[in-house]
Amino acid sequence: MRDFSYQLHSSRKFGPLPDTFRMLAGLGYKQVEGDPALFAGLEDPGKLRDALAAAGLTMPTGHVSLEMVSAQPDRVIEIARALDMEAVFVPALPEDEQEKTAEGWAELGRVLALSGARLREAGVAFGWHNHAFEFAETDSAETPLDLILAGSDDLALELDIAWVARAGQDPVRWLRKYADRIVAVHLKDIAPEGENTGEDGWADVGDGILDWRRILPEVEATGARFLVMEHDNPADDARFARRSIAAASGF
């Protein structure tokens with residue numbers, strides 16, 4: 001029986017966190033993953049820990065902005081310790097920073113390695129979460145993702161399956177390539193072309209075009225410890241959470 005986590009970004013437009021926690025626990029989720037907005041505005045990590053515990057949930061992973069990791073590493077470590085977090089990932093770059101030369105991507109990898117050093121010393125894994133732009137062509141033979149991860153062998157990867165597919169790549173190839181660097185995976189699905197336009201073309205896991213019976217065994221062959229459900233823009237977060245965990249539990 002797999003334990004599934006849930007990226008709270010998926011519920012950002014809906015009810016207060018305690019209600020979201022109760023909804024997720026009732027559906028069988030055991031964990032949640034925090035998003036940058038949560039951590040940036042978090043005043044008391046202890047209250048968050050207590051709210052999670054009241055619902056029977058934990059928060060072993062989270063997304064934190066590169067700015068916060070770089071400028072407030074001690075605060076990130078304080079939050080991570082209070083919540084017993086095992087891994088922190090930088091989730092993205094602003095749109096105007098998503099095109100770089102190969103050297104620019106390599107420099108980002110070095111910056112990430114330096115910024116995450118304090119977290120790793122504190123026992124928290126640190127790394128990158130991908131979108132599609134990390135698979136664009138560069139002025140070298142390597143993709144941006146390759147160049148970022150070359151910044152340090154210690155950089156972990158949270159592989160977002162659907163963004164890999166949206167980039168025109170085979171997720172299985174990247175699961176195999178970085179199997180020993182993958183700490184977490186985002187389980188996200190893509191609607192058939194022209195469908196779910198009000199949800200930016202995303203789908204509930206198992207209701208889209210991705211072949212999860214092929215993908216999930218490859219996920220489980222990596223070092224991934226956390227399987228995180230995510231939908232970037234659901235019209236109904238409870239529907240997404242319910243249908244996704246039911247489908248993924250059956251694969």
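This is a predicted model: local features need pLDDT of at least 70, side-chain atom pairs count only at pLDDT 80 or more; totals for chains, interfaces and linings use all residues.
Residues are numbered from 1 along each chain as its sequence is written, and side-chain values use heavy atoms, without hydrogens or water. Local features need pLDDT of at least 70 and side-chain atom pairs pLDDT 80 or more, while totals for chains, interfaces and linings use all residues.

Rings of Phe, Tyr and Trp (its six-membered ring) were paired if their centres lie within 6.5 Å, with planes under 30 degrees apart counted as stacked, over 60 as edge-to-face and the rest as tilted. By this rule there are six aromatic pairs. In one of them, the ring centres of phenylalanine 135 and tryptophan 174 lie 5.0 Å apart and the planes meet at 70 degrees, so this pair is edge-to-face. Phenylalanine 135 belongs to the loop between strand 5 (125–129) and helix 8 (144–149), and tryptophan 174 to helix 10 (residues 171–177), 39 residues apart. Helices (H or I, at least four residues) and strands (E, at least two) are DSSP runs, numbered from the N terminus. Phenylalanine 135 has a relative accessible area of 9% and tryptophan 174 one of 1%; both residues are therefore buried (under 20% relative accessible area; exposed is over 50%, partly exposed in between; 1.4 Å probe, protein chains only).

Tryptophan 163 and tryptophan 202 also form an edge-to-face pair, at 4.9 Å centre to centre and 75 degrees between the planes. This pair joins helix 9 (residues 161–166), which holds tryptophan 163, to strand 9 (residues 202–203), which holds tryptophan 202. Both tryptophans are buried.

The charged end of arginine 166 sits over the ring of tryptophan 202, 3.7 Å from its centre (CZ of Arg or NZ of Lys within 6 Å of the ring centre and within 35 degrees of the ring normal).
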